[in-house]
Structure formats: C-alpha cells, structure tokens
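Here is a short tour of a protein chain, written to be read alongside the sequence and the 3D view. We start with the whole chain and then zoom in.

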Amino acid sequence: MSETPEDGPGGAAGQARAEAAPRPPSLLALPSYLAGHAARIGHDALVEAVGQHGLRLPHFAALTALSDFGPLPQHVLADRLGFQRSHLGSYLDAIEERGLVRRTRDRADRRRQLVELTDEGVALQRRLWLVAQQSQDSFLGCFTQEERETLTTLLLRLVDADDRTRA
C-alpha cells in the first residue's frame, strides 16, 4: 500500500496535526524533552512556594538535607546536594544570618566546618516541607496517587542509575 500525500508527515493530515499541537510533535516523542519540560514546571512551582518564605531553592535543599542526615561537614553537604563547595558557602551564609543553621568546627577534624540546623531551622524546614508538598500536589494534580507513585519510582530509578555511574 502506498502512502498518499495526505497520510504522510508532510501531507495534509500530518500538517493539520502539527498545526493543532501546541508543541512540535517530534519533540513530544522524546522522553528527555518531556522530562526537561516537566521538570521546569515542577521547579517553577517549588521555587515560587519556597520564595514566599524569603528563601531560594538551594537554601531549602540545604535545610532539607540537614533535616534528613543531621549535622554534616560542609564539604559532605555540598557533595550530597551536588553543589559546588564554594557556592554552598554563600547559601549557608544567607541561612546562617537568619539563624536557621550554625557552623562550628568539627571536633574530630578542626579543619572542617560542621553544619547543623538550629531549632528555628528545624521549625522552618518542617513548614517548608509542607509548602513543598502542596506545590507538588498542584504540579502533579493531573495524576492519580498511583500514577504519582509510579512516576516517582521511575524517576528515582533514573537518578539512582546516574548516581551509580558517577560513583
């Protein structure tokens, strides 16, 4: 069976589909394009939610990592977050000035800075976590709970595979 001009990608039917689509259909067939675009939507929602509390996303990430792991040497915190060590220092300066974290010399190795949450930092991180969850509910509102869990499982598998290649 031969393809008529109306049926092919450049034919009238293919052209009508392309004109009706808000984005290039060929790009929508690339999982990396979709993942990147979806990440931007979720990122923007999270940035806005955290920003309403006068913080940036790296500040929230540092507070959350310290909540999850407890006190850490500054360089370990940077590595776990995937931040450049020099950048983490300025992020910590900002949240230390607000009384959310404290840096002290590590008693085991005086050359290292140990970073920990203050009581105020713990309280704010808990509030921000709820705000972050709400931003995710809005961002993922088109999915059922089961679909969200599946998406999270698949994304974690992708991130874990990348982490293993970098280890």
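## The chain as a whole

The accessible surface of the chain comes to about 11400 Å², and 54% of that belongs to carbon and sulfur atoms. Please keep in mind that this is a predicted model. Of the 167 residues of the chain, 27% count as buried.

If you like to trace a fold by eye, you will find eight helices and three strands. Starting at the N terminus, the elements follow the order α-α-α-α-β-α-α-β-β-α-α. Among contacts in the chain with a separation of 6 or more, 43% are between residues 24 or more positions apart.

The three strands form an open sheet with the order 1-3-2 and antiparallel pairing. Strand 1 (72–73) and strand 2 (101–106) are the edge strands, each pairing on one side only.

Strand 2 and strand 3 (residues 109–117) run antiparallel and are joined by six bridges. To find your place in this pair, look for Val101, which stands opposite Leu117 in strand 3. Helix 6 packs on the sheet, where it touches both strand 2 and strand 3. The direction of helix 6 makes about 120° with that of strand 2.

## Where two helices cross

Now turn to helix 6 (residues 85–97) and its meeting with helix 4 (residues 57–69): their axes come within 10 Å and cross at roughly 80°. An angle of 65 to 115 degrees counts as roughly perpendicular, so helix 4 is roughly perpendicular to helix 6.

Which residues make the contact? Helix 4 contributes Pro58, His59, Ala62 and Leu63, while helix 6 contributes Tyr91, Leu92, Ala94 and Ile95. Sorted by class, the contact of helix 4 with helix 6 has seven nonpolar residues, one polar residue and no charged residues.

## A closer look at Tyr91

Is Tyr91 buried or exposed? Tyr91 has 16% relative accessibility and therefore counts as buried, since the cut-off for buried is under 20%.

Leaving aside residues up to four places away in sequence, Tyr91 touches Arg56, Pro58, His59 and Phe83. Of these, Pro58 and His59 are also listed for helix 4 in its contact with helix 6. Tyr91 and Ala62 are 29 residues apart in sequence, and their C-alpha atoms are 8.2 Å apart in space.

Notes:
Residues numbered from 1 in each chain as written. Predicted model: local features only at pLDDT ≥ 70, side-chain atom pairs only at ≥ 80, totals over all residues. Heavy atoms only, no water. Axes fitted to C-alpha atoms, helices over the stretch in contact; angles between N-to-C directions. Helix = DSSP H or I, 4+ residues; strand = E, 2+ residues; numbered from the N terminus. Parallel < 35°, antiparallel > 145°, perpendicular 65-115°, else oblique. Contact = heavy atoms within 4.5 Å. Nonpolar A, V, L, I, M, F, W, Y, C, P; charged D, E, K, R; others polar. Pairing = 2+ DSSP bridges. Buried < 20%, exposed > 50% of the residue type's maximum accessible area, 1.4 Å probe, protein only. Areas by Shrake-Rupley, 256 points an atom, 1.4 Å probe, with all protein chains shown as cover.
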